[in-house]
Amino acid sequence: MVSEIIFKRKSIRSYSDEDISEDTIKRILAAAMQAPSALNTQSWEFIVIKDKDMILNLSKMSKYASCAKRANTLIVVVANLEKLKRTRAWFCQDLSASTENILLEATNQGVGSVWLGLYPESDRISYVRDCLDLPLNILPFSIVSLGYPTDWGKIENRYDESKIHMEKY
């Protein structure tokens with residue numbers, strides 16, 4: 001089952017108007033919180049955005065985020081820096097794993113998603129911080145755009161033998 005979801009997951013940028021239920025959002029967030037984290041710090045926190053005006057504002061974060069304006073829901077993944085006293089060097093890995101879990105569980109729930117790159121671009125971080133009026137200890141890391149897809153498109157096989165090296169490069 002997990003393998004099937006991994007191979008089905010793809011970036012979806014076009015969504016229907018169908019609402020995503022609160023139960024589905026909770027399942028997606030529960031999956032996000034199951035990610036591994038250095039020293040079990042779990043510095044992640046999540047801001048769920050359903051307000052259409054705020055979705056539109058956040059879709060202006062970068063030219064690559066414009067697809068978000070059609071989303072039903074955005075999840076902004078943030079790091080609480082106060083929880084990172086001993087593991088600051090590892091928070092990117094922790095929040096990346098959490099973001100990937102969001103993408104996988106969204107796929108499992110039949111919800112399309114796309115990871116909108118935010119960190120480490122300082123302009124994007126400042127923009128999102130200003131939009132959401134975030135305190136300085138809360139660092140925006142990624143945004144995941146969610147919605148029921150108008151088309152899942154074709155799944156591609158990305159397996160490439162030439163990228164595998166045995167024992168040495």
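These are my notebook entries on a predicted model of a protein chain.

**Entry 1. Overall layout**

I started with the secondary structure. I counted five helices and four strands in the protein chain. Reading along the sequence, I wrote the pattern down as α-α-β-α-β-α-β-α-β.

Next I looked up the dimensions. The C-alpha trace spans about 45 × 45 × 30 Å along its principal axes. I then checked the radius of gyration, which is 16 Å for the protein chain. A compact globule of 169 residues would have a value near 15 Å, so the two agree.

**Entry 2. Burial, contacts and surface**

How much of the protein chain is buried? I noted 45% of the 169 residues. For contacts, I took those between residues at least 6 apart in sequence. Of these, 78% join residues at least 24 apart.

The accessible surface comes to about 9,900 Å². Carbon and sulfur atoms account for 50% of that surface.

I also looked at charge. The protein chain carries 22 positive and 22 negative charges. Their mean positions lie 3 Å apart.

**Entry 3. Salt bridges**

How many salt bridges does the structure hold? I found four.

I took Asp-19 and Lys-50 to begin with. Their side chains meet in a salt bridge, at 3.4 Å from N to O. This pair links distant parts of the chain, 31 residues apart. Asp-19 sits in the loop between helix H1 (2-8) and helix H2 (22-32). Lys-50 sits in the loop between strand S1 (44-49) and helix H3 (52-58). I checked accessibility for both partners. Asp-19 has 53% relative accessibility, so I logged Asp-19 as exposed. Lys-50 has a relative accessible area of 26% and is partly exposed.

Then I turned to Arg-27 and Asp-23. They form a salt bridge with the closest N and O atoms 2.9 Å apart. Both residues are in helix H2. Because they are four residues apart there, about one helical turn separates them. Arg-27 is partly exposed, with a relative accessible area of 44%. Asp-23 is also partly exposed, at 43%.

My last pair was Glu-45 and Lys-83. Their side chains meet in a salt bridge at 3.8 Å, N to O. Glu-45 lies in strand S1, and Lys-83 lies in the loop between strand S2 (73-80) and H4. The pair therefore ties together parts that are 38 residues apart in sequence. Glu-45 counts as partly exposed at 28% relative accessibility. Lys-83 counts as partly exposed too, at 40%.

**Entry 4. Glu-105**

I found Glu-105 in helix H4 (residues 91-108). Is Glu-105 buried or exposed? Glu-105 is buried. I looked for a salt bridge and Glu-105 has none. The nearest side chain of opposite charge is Arg-27, 6.1 Å away.

I then listed the contacts of Glu-105, leaving aside neighbours within four places in sequence. They are Arg-27, Ile-28 and Ala-31.

**Entry 5. Backbone details**

Which peptide bond is cis? I noted the bond from Tyr-119 to Pro-120, with omega near 15 degrees. Pro-120 is in the loop between strand S3 (112-117) and helix H5 (122-132).

I also noted Gln-42. Gln-42 is not a glycine, yet has a positive phi of about 50 degrees. I located Gln-42 in the loop between H2 and S1. With 33% relative accessibility, Gln-42 counts as partly exposed.

Glu-167 has a positive phi of about 70 degrees and is not a glycine either. I placed Glu-167 in the segment after strand S4 (138-147). Is Glu-167 buried or exposed? Glu-167 counts as exposed, with 83% relative accessibility.

Terms used: Residues numbered from 1 in each chain as written. Predicted model: local features only at pLDDT ≥ 70, side-chain atom pairs only at ≥ 80, totals over all residues. Heavy atoms only, no water. Helix = DSSP H or I, 4+ residues; strand = E, 2+ residues; numbered from the N terminus. Buried < 20%, exposed > 50% of the residue type's maximum accessible area, 1.4 Å probe, protein only. Lys, Arg positive; Asp, Glu negative; His and termini not counted. Contact = heavy atoms within 4.5 Å. Rg over C-alpha atoms; globule rule 2.2 N^0.38 Å. Areas by Shrake-Rupley, 256 points an atom, 1.4 Å probe, with all protein chains shown as cover. Charge placed at Lys NZ, Arg CZ, Asp CG, Glu CD.
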